[in-house]
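Please keep the structure open beside the text as you read.

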Amino acid sequence: AWLYRSPEEYEYSPQTEKIDVYSMGNMFFSLLMGEDPFEKEYDKGGSKRVTRMVKNGKRPQLSQDFLESKNPIVKVLREAMTRCHVHDWRERASSKEIAEMLNPVWKKCVAD
């Protein structure tokens with residue numbers, strides 16, 4: 001689970017509910033890519049490498065297919081992931097903001 005940690009957890013900074021929002025962004029990444037965030041980086045250099053990357057503002061990268069996808073579900077998950085992965089927790093979206101972003105697409109999918 002440490003691959004899902006937020007920058008402030010690695011920095012031992014004060015923690016708020018925004019650490020969970022950051023982790024939610026990593027779950028969106030896993031849903032889209034079918035792998036843990038930083039899995040390949042971990043294989044190259046272990047936990048210290050991943051910790052350094054997150055603390056320096058690096059985020060797991062989606063494949064080009066997902067970056068260019070026009071699928072509305074992929075698009076909203078991609079945007080939600082980006083909003084969850086904002087480095088400064090004060091600027092990071094709240095869980096309510098993410099839910100408000102996802103709900104219209106979810107309702108449309110359920111209705112179809």
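R83 is partly exposed, with a relative accessible area of 29%; here buried means under 20%, exposed over 50% and partly exposed in between, with a 1.4 Å probe and protein chains only as cover. Its side chain meets that of E97 in a salt bridge, at 3.9 Å from N to O. This pair links distant parts of the chain, with E97 in helix 6 and R83 in helix 5, 14 residues apart. E97 also counts as partly exposed, at 35% relative accessibility. A salt bridge, as used here, is a side-chain nitrogen of Lys or Arg within 4 Å of a carboxyl oxygen of Asp or Glu. Side chains of opposite charge can pair when their charged atoms come close.

A word on the source before we go on: this is a predicted model, in which local features need pLDDT of at least 70, side-chain atom pairs count only at pLDDT 80 or more, and totals for chains, interfaces and linings use all residues. Residues are numbered from 1 along each chain as its sequence is written, and side-chain values use heavy atoms, with hydrogens and water left out.

The structure holds six salt bridges. Another of them joins the side chains of R92 and E8, at 2.7 Å from N to O. Here too the pair links distant parts of the chain: R92 is in the loop between helix 5 (72-84) and helix 6 (95-111), while E8 is in helix 1, 84 residues apart. R92 counts as buried at 2% relative accessibility, and E8 is buried as well, at 3%. The side chains of R5 and E9 also form a salt bridge, at 4.0 Å from N to O. R5 is partly exposed at 24%, whereas E9 counts as buried at 14%.

Now step back to the whole fold. The chain has six helices and zero strands, where helices (H or I, at least four residues) and strands (E, at least two) are DSSP runs, numbered from the N terminus. The radius of gyration is 14 Å, close to the 13 Å that the globule rule gives for 112 residues, so the chain is as compact as a globular protein of that length. That radius is taken over C-alpha atoms, and the rule is 2.2 Å times the number of residues to the power 0.38. Along its principal axes, the C-alpha trace spans about 45 × 30 × 20 Å. Of the 112 residues, 37% count as buried.

One of the buried residues is V21, with a relative accessible area of 3%, and its place is in helix 2. The C-alpha atoms of V21 and S6 are separated by 8.7 Å, the two residues being 15 apart along the chain.

Most residues other than glycine have a negative phi. Y12, however, has a positive phi of about 55°; it sits in the loop between helix 1 (7-10) and helix 2 (18-33). F38 has a positive phi too, near 60°, and lies in the loop between helix 2 and helix 3.

Finally, turn to the surface, where K44, K48, R49 and R52 gather in a patch of positive charge. R52 lies in helix 3 (residues 39-55). Patches are made of residues with over 30% relative accessible area and no salt bridge, with like charges joined within 9 Å and nonpolar side chains (Val, Leu, Ile, Met, Phe, Trp, Tyr) within 5 Å.

Methods:
Accessible areas come from the Shrake-Rupley method with a 1.4 Å probe; for residues, only the protein chains shown count as cover. Lys and Arg count as positive and Asp and Glu as negative; His and the chain ends are not counted. The place of a charge is taken as NZ of Lys, CZ of Arg, CG of Asp or CD of Glu.
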